[in-house]
Amino acid sequence: MAGQTDMKLIKDGVRLDGRKADELREVKIVAGVLDNANGSCYLEWGNNKVYAGVFGPMECHPRHKQKADRAIVQARYTMAPFSVNDRKRPGYDRRSSEISYIVSQAFEKVVMVEEFPKASIRVDMQVVEAHAGTRCAALTAASVALADAGIPMRDMIPSCAAGKVNDVVVLDLNKEEDNYGQADLPLAIIPSTGEIVLLQLDGHLTPDEFEQALDLATSGCMDLYKKMRLALENRYGGSA
Amino acid sequence: MGKESSDKSDSVSSRKLVLPGDLLETKSKPGRGIFRRDGKVHASVLGYSSDQSGYMNVNAITGGYTPKVGDKIVAICVETGPSVWRMDIGAAFNSTLHHSESGWKVPFGDTARFLTIGDAIWAEVFMVDAAGSHQISLKKDDCRKLYSGTIVKIGPTNVPRVIGKQGSMITAIREKTQTRILIGQNGHIWIDGKGKDIATAQKAIEMIDNEANSKGLTKKIEKLLEK
Amino acid sequence: MSNDSVSNLMRGHMESLAKEGKRADGRGINEFRKVTIETGMLNTAEGSAMVHLGNTKVLCGIKMLIGTPYGDSPGSGTMMTSTELAPLADQSFDPGPPREQSIELSRVVDRGIRESRMIDFEGLCIEHGEKVWTVFIDLHILDNGGNLFDCCTLAAAAALSNTKIPNVQHGVADKDVDLPIACWPISCTFGKLGDSIILDPTSDEEEVMSARFTVAHDENGNLRAAQKGMNGAFTDAEIREAVKTARTSDKVLREALKGIQG
């Protein structure tokens, strides 16, 4: 977030990439793309490209992380070295660690972990190309992968961000908007109840702008949710 | 072979694809694959809803094996202990075969002589406790160690499809390939016969596993078996 | 489904099939699985390719950055290969520091490219002794259906084939040019199953085979790299036969590679 900038990111309601303030980038979701993983998903969001794969429920490793009365969700978010223009060193860093943790927390709310004591559900998200909003893309892909794996859940979790550029609240920031904009608010919700399971904010928003951004991100999530359903219906043939 | 008829004889109209969280309009009692919230019934897994015999179920299309008492399964030994064997049955956790449920007289510490790592058996799930651990037994019905043939692993949710309506699919595969086949409810399937015939039967079974949801599958299998 | 435990029955069945020249999936013992290659799909990489070999899926991205040359070769570019066994590719791929398996894989793929002089390193010199291009070959395993060696080598070759040196972005020249490639090594990996030698093992076959042998040839039929792995042994005759077989069997991979070079 650069805060104040002279860069014109939105002019007369049209953003640099031609979108209006409340428009999502193009999203393509395919369920069941990997053979080994119990469930998987490939997701393209603008130029973001993410793979998600799920294994489990299975025996929890390491043993000491096991919980006697429920399963744990072990989510892991990684960015490939070639996913960003400035090659990223392979390996785990603090940002990946944080995202992995908050994603695990989000899923522990919806996955019916009580059904599998002492087990672990492993969720792996690999970002192979990044253009802002990767944590939202990864979380969304992982939700589809969990459903694809037949893991019992109370709902899927769509995730989308809103932000602010040139004092205008907009939906789904792209890379330039993320770099030069004034605020970034990733959100993830449970569609059937409206509950929020992930919310972060970077930058500066007035109370009014915050309400606007929350509304916008929520509607973005609901749009995304429709696409997630469609991906699974396409994979499994819709109504029998 | 009493368990060999598929309950996928649901009328097609009662099968609807549902996703986790979907609200299910029903007056029936809640069954499998569902959860309750505010007095209403919701699907918990990706599957087909089935409102039958007074129960609202969602039959999962994907997912691992959940052991149920009475299930016949094919199990593979992954570890030997002094008085038990640890067995892979394709569930979240490995199962236990206790020496007292093996039907053999096993001296303490001598388990590997009877069943060693990699050996396979046709067994029955005889105990599942509240914490989710389970045990299997070799003492029931025709349970036994398997000495020849091979094992194919498929998704347990596709086992009914491999069996077919009133066992029609599996009978066709057996007859056309002249093989002996035991279908474990856990998706582990034992096939025995001549090498080439086993390969054909395996191919048919794997095709069903990969294309369970597509139309025209039965015809494709018929064609494969004719070759 | 999980390949955790492979029964002894499966081993016996595969060995007897192999004696008759056949495999569990219907292939002959010297046949590759179906291969598909797609290139250029990543915007953030200088070159990229996705290879499917049977169920095995590997994504390769090439990044080129300016670096300093090695002391003993001041006019040559450098390269580095890394492989990531992504946890979503296999239940047994735990996250964490690279295991021996991953390191062996990286190094064999790296040697196949480096020692075969596939990349014309002299063509990557920017300022003699000061600035050269470093080619980063990053292989991301997305699905382990067996034979990561051949799939990775092919993915690396395909990605390098559509790599453009980012001169413009780094202010080195006013035009991006193709990465200079001198030859095309293609690898063939064999497994020893009982007394039979099989080409392009699946992950089930890898669980039961006793030894592994990888050999890479260039387009002129000359050997460029070889590696024997696992703790079993091959006879002298088996190795010679495998090398001979590789020279004809690799045609299908070579043609797939040619197909995307356009």
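**View 1. A:Asp167 is an exposed residue, with 9 other C-beta atoms within 10 Å.** A:Asp167 has a positive phi of about 65°, although it is not a glycine. It sits in the loop between strand 8 (159-165) and strand 9 (168-171) of chain A. Strands (E, at least two residues) and helices (H or I, at least four) are DSSP runs, numbered from the N terminus. The model is predicted: local features need pLDDT of at least 70, side-chain atom pairs count only at pLDDT 80 or more, and totals for chains, interfaces and linings use all residues. Residues are numbered from 1 along each chain as its sequence is written, with chains lettered from A and ligands numbered from 1 in the order in which they are written.

View 2. A:Pro57 belongs to strand 5 (residues 48-59) of chain A. A:Pro62 lies in the loop between strand 5 and strand 6 (72-79) of chain A.

**View 3. Three strands of chain B form an open antiparallel sheet in the order 2-5-4.** Strands pair if DSSP finds at least two bridges between them. Strand 2 (23-24) and strand 4 (34-37) of chain B are at the edges, each with a single partner strand, so one side of each lacks a neighbour in the sheet. Strand 4 of chain B pairs with strand 5 (residues 40-43) of chain B over four bridges, in the antiparallel sense. B:Phe35 stands opposite B:His42.

**View 4. B:Asp38 occupies the loop between strand 4 and strand 5 of chain B.** Its phi is near 50°, a positive value in a residue other than glycine. B:Asp38 is exposed, with 6 other C-beta atoms within 10 Å.

**View 5. Chain B meets chain A through 22 residues of chain B and 28 of chain A.** Contact means C-beta atoms, placed from the backbone, within 7 Å. The chain B side divides into 13 nonpolar, seven polar and two charged residues. Nonpolar covers Ala, Val, Leu, Ile, Met, Phe, Trp, Tyr, Cys and Pro; charged covers Asp, Glu, Lys and Arg; the others, Gly among them, are polar.

Notes. Contact = placed C-beta atoms within 7 Å. Buried ≥ 20, exposed ≤ 12 C-beta atoms within 10 Å, placed from the backbone.
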